[in-house]
Amino acid sequence: MVGHSGDRMSDETVRRSVVLGGGSVYGTAWMAGLAAELRCRGIDLGAADSIVGTSAGALVGAMLVTGRDLDSLAESPFPPGVTMPPPPQQPELIAGVFSVLLDRKVDRDVARRKVGQMAMAEEPARPEQIEPGEWFIGGNTWPDQRLQVVVVDAESGQRQIWNCDSGVALVTATAASHAFPGAFPPVVVDNRYYIDGGVWSATNADIAADADVVLVIEPLAHRWPREPLRSELAGTAADAVVHFSPDAATIDVFNAFATDPDVVACWPGAFQAGVRQAEALAEQLARSAWQSPRS
């Protein structure tokens, strides 16, 4: 889908933003495959003026700005010869979190604080659970100011946006952004607990406020209502929006692992689903102002 809200753009001033949403292990693999194939087609999402990453999107956004070799992740998210078990899953806790977040009768701030309390009751992430992310994302240093990583302060339930000026290591920021209660433990920074940015929003597209063209890649678009994203985009100055999500075949791949996201089992299929869908996204970008020349 390509949308337009105005006509302010010129070839010299187009600012591009990539918004990468949350999406569990399979969503991470799908976005990595999508970005890898787009690179092969001459479209480098990492060249955008800004990148907003939430949860899985924070991991992929970090890969884009570090210049990570995405093709090397086609078969596995682990170093060659290494298979690291993920933190034990707690299905009941995960279900409880979703029950709170999806209950629209509960005030959003109250719901987020309740989820934060659930997270803070758990043991926080240990260094050995965070450090492997450095290999995965391709480094631990923010290369520039373009990447915005979204997290939620567990106690207050408020959104925090971390970048290279926040004083938080890149791998710590990305770990916090995907610290979903029951799936990955909360991350402590300066004695405060932080959790998944998706607890605030699946996309957080409003952070791309200064972009002319916004590309929203949303792995779980089929699971969430559309109104929150529409509201977020209404608050931006974008003249054009490209929204991209999994097709029916990719959703089937996701559904096969939705209740038990086995990293080793689900990764290759989800990555290849992203590779396959890259052609469709390239066509949408070609119809937008995304590839307009810049001075």
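Predicted model: local features only at pLDDT ≥ 70, side-chain atom pairs only at ≥ 80, totals over all residues.
**Exercise 1. Which parts of the chain does the salt bridge between D210 and R15 tie together?**

Solution. 
- Step 1: Find the pair. The side chains of D210 and R15 form a salt bridge, with N and O 3.3 Å apart.
- Step 2: Place each residue. D210 sits in the loop between β7 (192-196) and β8 (213-217), and R15 sits in the loop between β1 (2-4) and β2 (16-20), so the bridge ties together parts 195 residues apart in sequence.
- Step 3: D210 has 45% relative accessibility and counts as partly exposed. R15, at 30%, is also partly exposed.

**Exercise 2. Where do E227 and R230 lie, and how many residues apart are they?**

Solution. 
- Step 1: Recall the general idea. Side chains of opposite charge can pair when their charged atoms come close.
- Step 2: Look at the distance. The closest N and O atoms of E227 and R230 are 3.3 Å apart, and the two residues form a salt bridge.
- Step 3: Locate them. Both lie in helix α8 (residues 227-234), 3 residues apart, which is about one turn of the helix.
- Step 4: Apply helix geometry. An α-helix has 3.6 residues a turn, so residues three or four places apart point the same way.
- Step 5: E227 is partly exposed, at 42% relative accessibility.

R41 forms a salt bridge with E37, at 3.2 Å between the closest N and O atoms. R41 is partly exposed, with a relative accessible area of 41%. D153, E155 and R192 are linked in a network of salt bridges.

**Exercise 3. Is H243 buried or exposed? Which side chain does H243 join in a polar contact?**

Solution. 
- Step 1: H243 belongs to strand β9 (residues 240-244).
- Step 2: Read the accessible area. H243 has a relative value of 13%. Buried means under 20%, so H243 is buried.
- Step 3: Find the partner. A polar contact of 2.8 Å joins the side chains of H243 and E218.

**Exercise 4. Which residues of the largest nonpolar core touch the most other members?**

Solution. 
- Step 1: Take the core. The largest nonpolar core has 67 residues.
- Step 2: List the residues. L45, W162, V187, L215, I217, L281 and W290 touch the most other members.
- Step 3: Follow one of them. Beyond its neighbours within four places in sequence, L215 contacts S17, V18, V19, L45, V242, L281, L285 and W290.
- Step 4: Look elsewhere. Another core, of 14 residues, lies apart from the largest one. I94, V100, M118 and A154 are among its residues.

**Exercise 5. How many of the residues of helix α2 are buried, and what do they pack against?**

Solution. 
- Step 1: Count. In α2 (residues 56-66), 10 of the 11 residues are buried, leaving the helix mostly covered.
- Step 2: Name some. The buried residues include A56, L59, M63 and V65.
- Step 3: Find the packing partners. These buried residues pack against β2, α1 (24-40), β3 (50-54), α6, β4 and α7 (170-177).
- Step 4: See what comes next. G67 follows α2 and has a positive phi, near 75°.

**Exercise 6. Which residues does G138 touch, not counting residues up to four places away in sequence?**

Solution. 
- Step 1: G138 is partly exposed, at 40% relative accessible area.
- Step 2: Find the contacts. G138 touches T66 and R68.
- Step 3: Compare sequence and space. G138 and Q158 are 20 residues apart in sequence and 29 Å apart in space, C-alpha to C-alpha.

Definitions and conventions:
Residues numbered from 1 in each chain as written. Heavy atoms only, no water. Salt bridge = Lys/Arg side-chain N within 4 Å of Asp/Glu carboxyl O. Helix = DSSP H or I, 4+ residues; strand = E, 2+ residues; numbered from the N terminus. Buried < 20%, exposed > 50% of the residue type's maximum accessible area, 1.4 Å probe, protein only. Polar contact = N/O pair within 3.5 Å; in protein donor to acceptor, adjacent residues only side chain to side chain. Core = buried A, V, L, I, M, F, W, Y, C linked by side-chain atoms within 4.5 Å. Contact = heavy atoms within 4.5 Å.
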